[in-house]
Structure formats: C-alpha cells, structure tokens
Amino acid sequence: MSEDKVGSLVEEALKRKERLQALKKKNEEGKDIKTDTPSKLPMPKFRSYKPQDESLKEKVLENAKPGDVESEVQDQLSAAKSKVVIEELDISNLAPRKPDWDLKRDVSKKLEKLERRTQKAIAELIRERLKQGQHDLASMVNMVGKDDDDNNKT
C-alpha cells in the first residue's frame with residue numbers, strides 16, 4: 001500500500017512541475033522583449049484617490065454629477081395626483097377563499113366522472129325495466145325521480 005501512495009505522490013509532483021513550467025513559459029511570452037516587462041498592464045482608474053504623481057493625475061476620473069432630482073419628484077407627484085379609475089372590480093378576488101377550496105378543486109374532476117357514470121347507470125336501469133315490460137316510459141321516469149327524492153331525504 002505504501003508503494004501505491006508513494007507512486008501517486010510522485011505522479012502528482014510531476015504534474016505540478018509541468019503546470020508550473022507551462023505557466024513560466026506563458027509569462028515569458030507575455031513580456032516585451034526589449035523592456036523585459038509585461039506588455040499589457042491594467043490601467044488604474046482613480047475614483048476617490050487623488051494621486052501625488054503628475055503622470056498619474058491623467059487617470060483621475062471626474063466627480064459624478066448629480067441628476068435633476070426635482071423634475072423626477074415633480075413627475076411622481078403629478079402622477080400621484082391623477083385619479084385612477086377602476087373600471088371593473090371582481091369581488092371574488094377580494095373575498096377570502098374558503099379553507100377547503102383546494103380540496104374541492106382537486107375532487108371536481110372525479111365528481112364529473114362519477115356524475116357521467118351515474119347518468120349512464122340510470123339510463124341502463126330504465127332500459128332494463130322497459131325490456132321487462134313492467135311499466136310504460138312515463139311511469140318509469142317518475143319512479144326514478146321518486147327514488148332520487150327518497151335517497152336525498154335520508
């Protein structure tokens with residue numbers, strides 16, 4: 001095990017050496033041949049610092065000028081004075097929702113399916129009774145209506 005660790009450490013050291021050499025070559029290529037200084041240095045910008053050196057005073061940025069605040073305030077005040085007319089007011093948005101509104105929303109699709117199945121089952125029962133010849137159509141419809149009323153009362 002110790003040989004594996006030593007071998008991996010040696011490999012990592014070699015990789016590090018290669019990376020360092022590549023960085024040195026890159027830095028040497030970036031330097032100017034005559035002056036032996038990097039060819040592109042970042043240019044300083046002095047916002048709040050006033051340099052003492054005359055050559056650096058050219059890099060000082062001008063102080064920021066304040067904008068015209070008075071006109072902006074006047075615009076906002078005039079906008080606030082104008083009355084906004086609400087054309088339509090939806091009362092349902094103002095009233096708080098009932099605590100179970102999300103449950104009703106989720107169950108509504110299932111209730112629609114059940115309603116369709118119930119209607120089909122009622123129609124099928126009526127057809128069966130008509131086939132048996134027990135009653136005529138009008139009395140069957142009335143009977144089904146009475147059955148529904150009796151079920152709703154209980």
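## Exercises on a predicted helical model

UniProt, in an unreviewed entry, places a coiled-coil region at residues 104–131, with positions in the numbering used here and with annotations that may be inferred rather than shown by experiment. The model is predicted, so local features need pLDDT of at least 70 and side-chain atom pairs count only at pLDDT 80 or more, while totals for chains, interfaces and linings use all residues. Residues are numbered from 1 along each chain as its sequence is written, and side-chain values use heavy atoms, with hydrogens and water left out.

**Exercise 1.** Determine the secondary structure of residues 104–131 and of the protein.

*Solution.* Helices (H or I, at least four residues) and strands (E, at least two) are DSSP runs, numbered from the N terminus. For residues 104–131, the span is 100% helix and 0% strand, and its end C-alpha atoms lie 39 Å apart. The protein as a whole comes to 5 helices and 0 strands, in the order α-α-α-α-α from the N terminus.

**Exercise 2.** Classify the aromatic pair of F46 and Y49.

*Solution.* Rings of Phe, Tyr and Trp (its six-membered ring) pair if their centres lie within 6.5 Å; planes under 30 degrees apart count as stacked, over 60 as edge-to-face and the rest as tilted. A search of the whole structure finds 1 aromatic pair. The centres of F46 and Y49 are 5.7 Å apart with 50° between the planes, so the pair is tilted.

**Exercise 3.** Decide whether F46 and L14 are buried, partly exposed or exposed.

*Solution.* Buried means under 20% relative accessible area, exposed over 50%, partly exposed in between (1.4 Å probe, protein chains only). F46 is buried because its relative accessible area is 13%, whereas L14, at 48%, is partly exposed.
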